[in-house]
Amino acid sequence: MATTKQKRGFKLQMNKQIYQEQSKKYEPKRNVLLNCFRAFWVGGSICLLGQFIQNLYMTFFQLNAEKATGPTSVTLILIAVLLTGFGIYDNIGQYAGAGSAVPITGFANSMSSAAIEHRSEGYVLGVAGNMFKLAGSVIVYGVTAAFIFGILRVILNMYY
């Protein structure tokens with residue numbers, strides 16, 4: 001027995017194209033220019049903070065620029081983990097998008113938020129297991145890319 005809508009000629013079938021057209025009606029409009037500006041100034045501010053911290057290490061501990069990069073990175077990671085623990089970095093991420101995710105602080109935020117979320121499951125299976133689910137892929141691809149570029153550099157240095 002046909003329903004009233006089917007008798008009137010309405011099609012009740014939903015395919016991928018119709019679904020996408022219907023969902024676009026309710027999707028919030030994105031202001032791309034504003035989002036780019038936010039990402040730029042927040043990411044730039046994080047880098048500026050890193051440069052300020054590096055200058056502090058160079059001034060107060062008489063380190064050169066190369067030796068000050070390690071402590072600077074660790075300090076930025078510590079700040080990001082603390083801000084994540086207090087729930088502040090998530091607000092920064094909502095506001096800035098990729099501007100807060102791209103620097104080293106974004107990686108520290110993603111790892112520490114996974115650790116905080118799964119702490120009730122224990123330190124080994126909860127914190128470490130879930131924290132390194134994210135970090136594992138980043139580390140594998142980072143090491144693989146470094147290896148490939150290292151080999152390319154050695155090959156290019158042999159011929160040039």
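Among contacts in the protein chain between residues at least 6 apart in sequence, 47% join residues at least 24 apart. Contact here means heavy atoms within 4.5 Å. Before I go on: this is a predicted model, where local features need pLDDT of at least 70 and side-chain atom pairs count only at pLDDT 80 or more, while totals for chains, interfaces and linings use all residues. Residues are numbered from 1 along each chain as its sequence is written, and side-chain values use heavy atoms, with hydrogens and water left out.

Now the overall layout. The protein chain has 8 helices and 0 strands; helices are DSSP runs of H or I with at least four residues, strands are runs of E with at least two, and both are numbered from the N terminus. The radius of gyration is 24 Å, well over the 15 Å that the globule rule gives for 160 residues, so the chain is more spread out than a compact globule. That radius is taken over C-alpha atoms, and the rule is 2.2 Å times the number of residues to the power 0.38. Along the principal axes, the C-alpha atoms fill a box of roughly 85 × 50 × 40 Å. Of the 160 residues, 21% count as buried, meaning under 20% relative accessible area, with exposed over 50% and partly exposed in between (1.4 Å probe, protein chains only).

Next, helix α3, residues 32-60. Its 29 residues reach 42 Å from the first C-alpha to the last, close to the 42 Å expected at 1.5 Å a residue; the expected span is 1.5 Å times one less than the number of residues. Which residues of α3 are buried? They are Ala39, Val42, Gly43, Ile46, Gly50, Ile53, Gln54 and Tyr57. Their cover includes α4 (65-85), α5 (88-96), α6 (98-101) and α7 (104-117). After α3 comes Gln62, with a positive phi near 50 degrees.

Last, the cysteines. How many disulfides does the structure hold? The count is 0, a disulfide being a pair of cysteine sulfur atoms within 2.5 Å. The sulfur of Cys36 is 16 Å from the closest cysteine sulfur, in Cys47, too far for a bond. Cys36 is partly exposed, with a relative accessible area of 46%.
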